[in-house]
Amino acid sequence: GLDIFVFSQEKILKIGDPAPTFALKSIQNEYVYLRDFCGKLRPPTKDKKQHVVIISFFATWCQPCHKEIAELTEVLGEFKDKPIKVLLINLEEEKSKVESFLKNRKYPGIVLLDKYGMVAKNYGVTSIPRLFVVSKDGKLVWQTEGYQQDFKQKTRDALKKLFPGSQ
């Protein structure tokens, strides 16, 4: 037999892949679906329109995450009039802990709780911060791993590509 044990089958998401769909509870205790915002929108879709979705995995104890989210907030200010949804996915922490952490912080978007790390697993997340940009049609268009010095510029460039004709 083979003398090898694979404990974690890493999913490697490539640019152009469909973003794995998910439903998670928000900090407000409501289910939020990726399909509410991009790809084939789930019913009822009456008033829904497709968005570019930014998915950022974070934890309260992760300093580089907070730095990245602050920079993301700055960049988002430049795309205020664009259909962009930000989903900040907390990794395996207690709701109460996340709530008290967020009390005195302005975080963009919707904070979701990935209580058992299942969504992270589907996205192949092995470290944080980890950020994914998903196009309106539900495809992965850009991703970062770890906090990068040029994060702001690269995120800005990725978004500009999705909204041609924006400044």
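Modeller: One definition has to come before any residue: buried means under 20% relative accessible area and exposed over 50%, with partly exposed in between (1.4 Å probe, protein chains only). This is a predicted model, in which local features need pLDDT of at least 70 and side-chain atom pairs count only at pLDDT 80 or more, whereas totals for chains, interfaces and linings use all residues. Residues are numbered from 1 along each chain as its sequence is written, and side-chain values use heavy atoms, with hydrogens and water left out.

Colleague: How many aromatic pairs does your counting rule give?

Modeller: Rings of Phe, Tyr and Trp (its six-membered ring) pair if their centres lie within 6.5 Å, and planes under 30 degrees apart count as stacked, over 60 as edge-to-face and the rest as tilted. Applied to this model, the rule gives a count of 7.

Colleague: Into which class does the pair of Phe79 and Phe163 fall?

Modeller: A pair of aromatic rings is described by the distance of the centres and the angle of the planes. For Phe79 and Phe163 these values are 6.4 Å and 40 degrees, and the class of the pair is tilted.

Colleague: How many residues apart in sequence are the parts that this pair ties together?

Modeller: Helices (H or I, at least four residues) and strands (E, at least two) are taken as DSSP runs, numbered from the N terminus. Phe79 is buried at 3% relative accessible area, and Phe163 is buried as well, at 7%. Phe79 belongs to the loop between helix H1 (63-77) and strand S4 (84-91), while Phe163 belongs to the segment after helix H4 (151-162), so the separation of the parts in sequence is 84 residues.

Colleague: How far from the ring centre of Tyr33 does the charged end of Arg42 sit?

Modeller: A charge sits over a ring if NZ of Lys or CZ of Arg is within 6 Å of the ring centre and within 35 degrees of the ring normal. The charged end of Arg42 sits over the ring of Tyr33, and its distance from the centre is 3.5 Å.

Colleague: Is the link of Cys62 and Cys65 right-handed or left-handed?

Modeller: A disulfide is a pair of cysteine sulfur atoms within 2.5 Å, and the structure holds 1. The sulfur atoms of Cys62 and Cys65 are 2.2 Å apart, and both residues are buried. With 85 degrees about the S-S bond, their link is right-handed.

Colleague: What is the strand order of the open sheet?

Modeller: Two strands pair if DSSP finds at least two bridges between them. Strands of a sheet pair through backbone hydrogen bonds, either parallel or antiparallel. In this open sheet of 7 strands the pairing is mixed, and the order is S2-S1-S5-S4-S3-S6-S7.

Colleague: Which strands stand at the edges?

Modeller: Each edge strand has a single partner strand, so one side of each is left without a neighbour in the sheet. The strands at the edges are S2 (31-33) and S7 (140-145).

Colleague: Which residue in the turn of the hairpin of S6 and S7 has a positive phi?

Modeller: S6 (residues 130-134) pairs with S7 in the antiparallel sense over 5 bridges, with Leu131 facing Thr144 as its bridge partner and Arg130 standing opposite Glu145. S6 also pairs with S3 in the antiparallel sense over 5 bridges, where Val53 stands opposite Val134. The hairpin of S6 and S7 has 5 residues between the strands, and the residue with a positive phi, about 85 degrees, is Gly138.

Colleague: Which residues does Leu72 touch, leaving aside those up to four places away in sequence?

Modeller: Leu72 lies in helix H1 and counts as buried at 1% relative accessibility. Contact means heavy atoms within 4.5 Å. By that criterion, leaving aside residues up to four places away in sequence, Leu72 touches Ile54, Val86, Leu131, Phe151 and Thr155.
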